[in-house]
Amino acid sequence: MAISMKDKVVFVTGGGAGIGAATALEFAKLGAKVMICARREATLAEMESKLRAAGASDVHAFVLDVRDREAVETAIAQLPAAWQAVDVLVNNAGLSRGLAKMYEDDIQNWEEMLDTNVKGLLYVTRAVVPGMVKRNSGHVINLGSTAGHMTYPGGGVYCASKAAEKSITEGLRIDLNGTAVRVASIDPGMVETDFSLVRFRGDVERAAKVYANANPLTAEDIAETIVWVATRAPNVMIQTITMTPVSQANAFVLARKG
Ligand code: NAP
């Protein structure tokens, strides 16, 4: 039987846009207490009112760059009392930068991807999970990717960051074995969000081409899946969900129609 999310504290990193925003909204519809963070204050403020309107029993939004280890530690340690007991952590904040060949790439791109997708995820996990262990209750849901299963041209470092997410998820699951804390990885293929716009640093035309005639997944598709994972009975641990649009067999085989 599905478990209730009413008044549960759900923390979504990168909850200002894309998959994170859709996930926060989906939990809000179930009456959860929704906490989001991201770097851009304006998108967070917009999300705050949307989350309340969607039915969140409370909302807490704060600016946080998950790459900043000290800021993560401080932000989590200083959460208002009502927000300290996180029931569901969605480690979603992440990005890709460019598609250059590795031996020619700007090293800054690697730093951004690895610092966000790997180290940022670890910092937030390290700050939040001890409370879950203490309460013997909680759920960590990480955003992986099919990129972590199969490397594609120009994506070596991004794919490495998602392969690292896979190992970190498996390792955390082993470390938490014997507790009631659950760990899942949701591994999507192509989802139409700002992801490509960020990858191509604001090049709208190039980003649009990624999704053209591909009938990609939507952020809502992923959000519904994350909520499904979080609401399974307490004895059930969904470990990994790989999901792609029907048009996408793998990173190389994509049927574009039209
Ligand atoms: P998106 O639309 O660009 O959203 C990314 C979110 O993460 C934004 O809210 C962004 O907000 C936040 N973020 C980025 N860097 C951050 C940082 N250092 N600290 C805090 N927040 C940060 O991208 P998305 O497609 O929703 O991606 C979400 C996750 O899904 C990522 O982990 C991505 O790798 C994964 N994923 C995406 C796809 C896809 O095709 N879209 C496929 C598989 C996996 P700010 O910029 O304001 O910080």
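Predicted model: local features only at pLDDT ≥ 70, side-chain atom pairs only at ≥ 80, totals over all residues.

Biologist: In which sense do strand 6 and strand 9 pair?

Modeller: Strands (E, at least two residues) and helices (H or I, at least four) are DSSP runs, numbered from the N terminus. Two strands pair if DSSP finds at least two bridges between them. Strand 9 covers residues 240–243, and four bridges join it to strand 6 in a sense that is parallel.

Biologist: Which residue in strand 6 is the bridge partner of V140?

Modeller: Strand 5 (residues 139–143) runs parallel to strand 6, with five bridges between them. In strand 6, V140 has as its bridge partner V183.

Biologist: Are the faces of strand 6 covered or open?

Modeller: In a regular strand, side chains alternate between the two faces of the sheet. Here R182, A184, I186 and P188 on one side are buried, as are V183, S185 and D187 on the other. Buried means under 20% relative accessible area, exposed over 50%, and partly exposed in between (1.4 Å probe, protein chains only). Both faces of strand 6 are therefore covered.

Biologist: Y158 and F195 form an aromatic pair, but of which kind?

Modeller: A search of the whole structure finds two aromatic pairs. Rings of Phe, Tyr and Trp (its six-membered ring) pair if their centres lie within 6.5 Å; planes under 30 degrees apart count as stacked, over 60 as edge-to-face and the rest as tilted. Y158 and F195 are 5.4 Å apart centre to centre, with 65° between the planes, which makes the pair edge-to-face.

Biologist: Where in the chain do the two partners lie?

Modeller: They link distant parts of the chain, 37 residues apart. Y158 is in helix 5, and F195 is in helix 6.

Biologist: Why does Y158 count as buried?

Modeller: F195 is partly exposed, with a relative accessible area of 28%. Y158 counts as buried because its relative accessibility is 7%.

Biologist: What is the phi of N215?

Modeller: Most residues other than glycine have a negative phi. N215 lies in the loop between helix 7 and strand 8. Although N215 is not a glycine, its phi is positive, at about 50°.

Note on methods: Residues numbered from 1 in each chain as written. Heavy atoms only, no water.
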